[in-house]
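Visitor: Could you walk me through this structure, please? I am new to reading models like this.

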Amino acid sequence: MLESNNDCECDDDGGGRGLGGGDGIASGAEHPNAPPPTPKVHPLEQSWTFWFDDSSVYKDKQIPWGSAIRPIHTFSTVEDFWGLYNNINHPSKLATGADFHCFKYKIEPKWEDPICANGGTWTISCLRGKVDTLWLHTLLALIGEQFDHGDEICGAVVNVRARDRIALWTKNASNEAVQMSIGRQWKEFLDYNETIGFIFHEDALRNDRTAKNRYVIP
């Protein structure tokens, strides 16, 4: 806070047209018509998009898998993220069958997407009471670029089921060293103590629910 200087010299005639006198404007005072200061924003290293899908619609075999997925919003700053996160339903409040995704901008959460096609997924499962915390920590690790091989990550999805699942999608499934690094770091970020496995997308496409883990971290 600026303090007045009692030692300053004033005009002999007392006109007081200088600092703080008469109709003069005190030093440092804002003009009444000045625009408000622009809020400071914190840009992320890249943009991300939230997507929503409802797996229950695919019980109708005539509806192709993935055709109901739709983008919700793309964000590129810390402020945008929290503004969205604090105003949407968290996984524990979504209906069973819902799939909520967060993927890098311009990457669609589909096996057919060219960037995802040769990749795979690390998956964890949890009870409904823990899913919100695990999902938030996963999101923060993604958008905060905390992974050593973050360029190899496409995004993540939370599947709301009887036992919820969170999956981390990566690009190059055959690069075992990179995949193991991502899986270990993810477990560490989440403080997750159960075994996690990695499934190639091509195996999941070929074998559906019987696809086996190629990599495992106990």
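Guide: Let us begin with a term: a charge sits over a ring if NZ of Lys or CZ of Arg is within 6 Å of the ring centre and within 35 degrees of the ring normal. This is a predicted model, where local features need pLDDT of at least 70, side-chain atom pairs count only at pLDDT 80 or more, and totals for chains, interfaces and linings use all residues. Residues are numbered from 1 along each chain as its sequence is written, and side-chain values use heavy atoms, leaving out hydrogens and water.

Visitor: Which residue has its charged end over the ring of Phe200?

Guide: Look at the ring of Phe200 and find the charged end that sits over it. That end lies 4.0 Å from the ring centre and belongs to Arg214.

Visitor: How many aromatic pairs does the structure hold?

Guide: Rings of Phe, Tyr and Trp (its six-membered ring) pair if their centres lie within 6.5 Å; planes under 30 degrees apart count as stacked, over 60 as edge-to-face and the rest as tilted. The total for the structure is 13.

Visitor: Why is the pair of Phe81 and Trp82 called edge-to-face?

Guide: The two ring centres are 5.0 Å apart. The pair counts as edge-to-face because the planes of Phe81 and Trp82 meet at 70°.

Visitor: Is Phe198 buried or exposed?

Guide: Buried means under 20% relative accessible area, exposed over 50%, and partly exposed in between (1.4 Å probe, protein chains only). Phe198 has 0% relative accessibility, so Phe198 counts as buried.
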